[in-house]
Amino acid sequence: AMHDEFFAGAAMIGIATAVPGYHLCWLLNRHFDINFIREPDQNLPLQKKNNQYYFPIYQHDFPNSGYKYLLYKLKNGNESLLPETKLLDYLWLIQTANPDNDADAIAAELRNIPDIQLAQILVADQLKNLNNLLL
């Protein structure tokens, strides 16, 4: 139920880029006139064997709407938050009134940013480890 509620009304864009998270946020903030911020206590933990890995999350909240953008860093060293997306470095989760339309428009814009090699729409049903994204 928590899974369905979190991803209901959401769309996702996978991003491949070599730039670090803080630089990507700066690029996105400038390009889209938004304000991705990182709350250090909002890292996602992932337990693998005897090791704990943390994945940063950046967030932009739209005032007075309940809508938000979440930007997940998908890699930490050799570990991945979503192993089935090996070529992707980040995932942009869009929770808005029209997430699919917004995702199409955002992905098209992302493809115009020189530092971004790939921006593709992801389908939630095709991701086996989607629960790793739950906050």
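Visitor: Before anything else, how is the radius of gyration taken here, and what is the globule rule?

Guide: The radius of gyration is taken over C-alpha atoms, and the globule rule is 2.2 Å times the number of residues to the power 0.38. The structure under discussion is a predicted model.

Visitor: What radius of gyration does the protein have, and what would a compact globule have?

Guide: For 135 residues the rule puts a compact globule near 14 Å, and the protein has 14 Å, so the two agree. Along the principal axes, the C-alpha atoms fill a box of roughly 40 × 35 × 30 Å.

Visitor: How many residues count as buried, as a percentage?

Guide: Of the 135 residues, 44% count as buried. The accessible surface comes to about 7700 Å², and carbon and sulfur atoms hold 48% of that area.

Visitor: What about the fold: how many helices and strands?

Guide: There are 3 helices and 10 strands. Along the sequence they follow the pattern α-β-α-β-β-β-β-β-β-β-β-α-β. Among contacts with a separation of 6 or more, 62% are between residues 24 or more positions apart.

Visitor: Is Glu 79 buried or exposed?

Guide: Glu 79 is buried, because its relative accessible area is 18% and the cut-off for buried is under 20%.

Visitor: Which residue forms a salt bridge with Asp 89?

Guide: Asp 89 pairs with Lys 75, and their closest N and O atoms are 3.4 Å apart. This pair also links distant parts of the chain, as Asp 89 sits in the loop between S8 and strand S9 (90-95) while Lys 75 is in strand S7 (residues 75-76), 14 residues away. Asp 89 is buried, with a relative accessible area of 18%, and Lys 75 is partly exposed, with 26%.

Visitor: On to the backbone. What is the phi of Asp 33?

Guide: Asp 33 has a positive phi of about 55 degrees, although this residue is not a glycine. Most residues other than glycine have a negative phi. Asp 33 lies in the loop between H2 and strand S2 (37-38), and its relative accessible area of 71% makes it exposed.

Visitor: Where is Lys 49, and what is its phi?

Guide: Lys 49 is in the loop between strand S3 (44-48) and strand S4 (51-55). Its phi is near 55 degrees, a positive value in a residue other than glycine. Lys 49 is exposed, with a relative accessible area of 81%.

Visitor: Back to helix H2, then. Which residues does Asn 29 touch?

Guide: Not counting residues up to four places away in sequence, Asn 29 touches Ile 34, Asn 35 and Phe 36. Asn 29 lies in helix H2 (residues 21-32).

Visitor: Is Asn 29 buried or exposed?

Guide: Asn 29 counts as buried, because its relative accessibility is 17%.

Key
Residues numbered from 1 in each chain as written. Predicted model: local features only at pLDDT ≥ 70, side-chain atom pairs only at ≥ 80, totals over all residues. Heavy atoms only, no water. Helix = DSSP H or I, 4+ residues; strand = E, 2+ residues; numbered from the N terminus. Buried < 20%, exposed > 50% of the residue type's maximum accessible area, 1.4 Å probe, protein only. Contact = heavy atoms within 4.5 Å. Areas by Shrake-Rupley, 256 points an atom, 1.4 Å probe, with all protein chains shown as cover. Salt bridge = Lys/Arg side-chain N within 4 Å of Asp/Glu carboxyl O.
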